[in-house]
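Welcome! Take a moment to look over the sequence and the 3D view, and then let us walk through them together.

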Amino acid sequence: MSNMGLLLTRQRRSLPGENPIGGKGKKLMSMKLYVGNLSFDTSSNELQTLFAQTGKVESVSLIEDRETGRSRGFGFIEMSTKEEGAAAIAKFNGQDVGGRALKVNEAKPRENRAGF
């Protein structure tokens, strides 16, 4: 096959609006959020209900102390799209929940920690 033939083949495989498996439409990307300054009494169900006001909540993960099982005051929420994640940040960052002002932003990738 000539170089021109290869070029045309590559272009045809990456048409705008197609996802990698060949179907039409836009692939939706989820957004993971960090939620901090939570009351130690806040439950996963409460966070699920609260964040569902801005879109579909894919998952909720409250971080707990390994020894006591008590909440460490922060967690992660995965929203189904980046737009819903951005709406959640705009709505809930600084909002008072359980007597505490929430800190909500896009979660950063976990860093590798040496020694563990």
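## A charged pair

Why does Glu-58 count as partly exposed? Because its relative accessibility is 42%, and partly exposed lies between buried (under 20% relative accessible area) and exposed (over 50%), with a 1.4 Å probe and protein chains only.

Glu-58 forms a salt bridge with Lys-56, and their closest N and O atoms are 3.8 Å apart. A salt bridge here is a side-chain nitrogen of Lys or Arg within 4 Å of a carboxyl oxygen of Asp or Glu. By this rule the count is one salt bridge. Lys-56 is exposed because its relative accessible area is 54%.

## About the model

This is a predicted model, where local features need pLDDT of at least 70, side-chain atom pairs count only at pLDDT 80 or more, and totals for chains, interfaces and linings use all residues. Residues are numbered from 1 along each chain as its sequence is written, and side-chain values use heavy atoms, leaving out hydrogens and water.

## The overall fold

The protein chain has three helices and six strands, in the order α-β-α-β-β-α-β-β-β along the sequence. Helices (H or I, at least four residues) and strands (E, at least two) are DSSP runs, numbered from the N terminus. Of the 116 residues in the protein chain, 26% count as buried.

Arg-66 counts as exposed because its relative accessibility is 84%.
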